[in-house]
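Q: I would like to learn how to read this model. Can we go through it feature by feature?

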2 protein chains.
Amino acid sequence: MSHVKCKGHCYTCPVRHQSIFSELPEESLEATIQDFHTSVLTFESGETLFRQFDDSSESAYTLRKGLIKVTKSLPDGRTQIVRILVAGDLFGFDGFANESYNNTAIALTDCEVCRLPMAELAVLRKSTPEIDQSMVARLIKNIRQSEDMLLELGAKKASEKLASFIMRLSLSDQNLSFSVDALDSAPASEWSKLHLSRSEIGSLLGLTIETVSRFFSDWKRKGFIKEEKGSIQILDATALKNAACTQGACN
Amino acid sequence: MSHVKCKGHCYTCPVRHQSIFSELPEESLEATIQDFHTSVLTFESGETLFRQFDDSSESAYTLRKGLIKVTKSLPDGRTQIVRILVAGDLFGFDGFANESYNNTAIALTDCEVCRLPMAELAVLRKSTPEIDQSMVARLIKNIRQSEDMLLELGAKKASEKLASFIMRLSLSDQNLSFSVDALDSAPASEWSKLHLSRSEIGSLLGLTIETVSRFFSDWKRKGFIKEEKGSIQILDATALKNAACTQGACN
DNA sequence: CGTGCGGTTGAGGGAGATCAACTAAAGTGG
DNA sequence: CCACTTTAGTTGATCTCCCTCAACCGCACG
């Protein structure tokens, strides 16, 4: 189960400069936030933070540490990962639009989150317009990422999806939250931690576990990528890119 | 080409109550908006309003009349429709996050849009926090729709995609912007205007034109749907639903 | 030591893409 | 007005990518 670690302290927060409070000047921070009852919760890998259709009026969250997958499911159980959250990401904000959660949040690793009570946040928003301002910017980025994913899912072949997935990983160690821009420029020589299982990669890209496994194996045999103990490395970025294309796609 | 119809007038705006200015009280509207140089533009069906990677610092838009498709494309030309805008929708807001347009907007029908100059809007946001407030709410709805689409594209089969597409159409004549909620309750007996060509439906759902055509024909033969002069009608909603499932999906 | 879970690999089939021919409707230009 | 082209849509035949089903491996864990 989730565990309340302590009351949240913005001063010590590892992601304060990335949070929705980032625009607040240091000195006013104390005044505005002091009776704001945030608390830091920890979740173990695999735990569910909230579920689709749960009432969202209670709280929104900021991820301080770890990774979280955000999913949606069909009645029969088929599941789509719609987003992967990294440190600094705001999530569970459906309450801002008076809606219940539209998705399910599950910890991919052990995590630490800051819980923001909606009721107090609503008051704070009124008095501190900077919050909405920085929310707008991050919501727009969220939309851009979702649109990028729509293109991935709707228009690409399996090999292309997987190749660009791997290349995105290597762009930034943390860059599980996807923006597709400038995929070309990846020099890509370092190890990147792969936090997802084969079935999670499949659920993210709309593929089966076997298809994911097959392409990975193939590319490892051909020397395009290397994998070791949950980490992955690109050995030949251009070959990988071409592989994605010649294996049925492009031209 | 686009054509400037006139200076925008919020008082006469058909979508004022749905716009980002909807929270502004009537009396302050005049004062806040009066030196705001909005203009109403018209576009003919097929015209492009802006393109991905265009500089977005100039303006954002509100759709007053008509329908617009928002698309993203791969280098080789494959195109995904990521959203369909209806009257009242705000779009082209990438400038709020200091980014260039992430997508392309093309008129599906003759349209009328209100152009909001970014520079002035930025000033107005500072002085009028209600704007950001209502932006937050509508951006969240946008995200929810995108996530719903991710589930459609990533997890569903062709027949399911098409069936729920048709059912969404019939939910609201205007409801080309998709929220998947409560698809069950559709009584669906009226005609709905189908504003999309077969190839556009395909581009929206990640299918080919032929696949779309085949299912439509099949369902028409079976008497589940009827089509006439660009409009579509559901004759047997439960059969349609089942068809989507038995034709390879579900169970 | 067995059991379960994540991953790999193979064989086969089927959903949907591709290629192609054809129809119907709509514009174009004499 | 009619011949011509163009465009959207339908339908068929074929192909192929990816899913499905299945067996199997390695490893962690009780």
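Q: How many helices and strands does chain A have?
A: Helices (H or I, at least four residues) and strands (E, at least two) are DSSP runs, numbered from the N terminus. Chain A has seven helices and twelve strands. This is a predicted model: local features need pLDDT of at least 70, side-chain atom pairs count only at pLDDT 80 or more, and totals for chains, interfaces and linings use all residues. Residues are numbered from 1 along each chain as written, chains are lettered from A and ligands numbered from 1 in written order, and side-chain values use heavy atoms, without hydrogens and water.

Q: What percentage of chain A is buried?
A: Buried means under 20% relative accessible area (1.4 Å probe, protein chains only). Of the 251 residues in chain A, 57% are buried.

Q: Which residues come nearest to DNA strand D?
A: A residue is near a strand if one of its heavy atoms lies within 4 Å of it. There are 16 such residues, and A:Ala158, A:Thr211, B:Arg198, B:Ser213 and B:Ser217 come nearest. Sugar and phosphate account for 63% of the DNA strand D atoms within 4 Å of the protein.

Q: Which element gives the most to that surface?
A: α6(B) does, with six residues.

Q: Where do polar atoms meet DNA strand D?
A: A polar contact is a pair of N or O atoms within 3.5 Å. A polar backbone atom of A:Ala158 is 2.8 Å from a phosphate oxygen. The bases are contacted too: a polar side-chain atom of A:Arg214 lies 2.9 Å from a base oxygen, and one of B:Arg214 lies 2.9 Å from a base nitrogen.

Terms used: Buried < 20%, exposed > 50% of the residue type's maximum accessible area, 1.4 Å probe, protein only. Polar contact = N/O pair within 3.5 Å; in protein donor to acceptor, adjacent residues only side chain to side chain.
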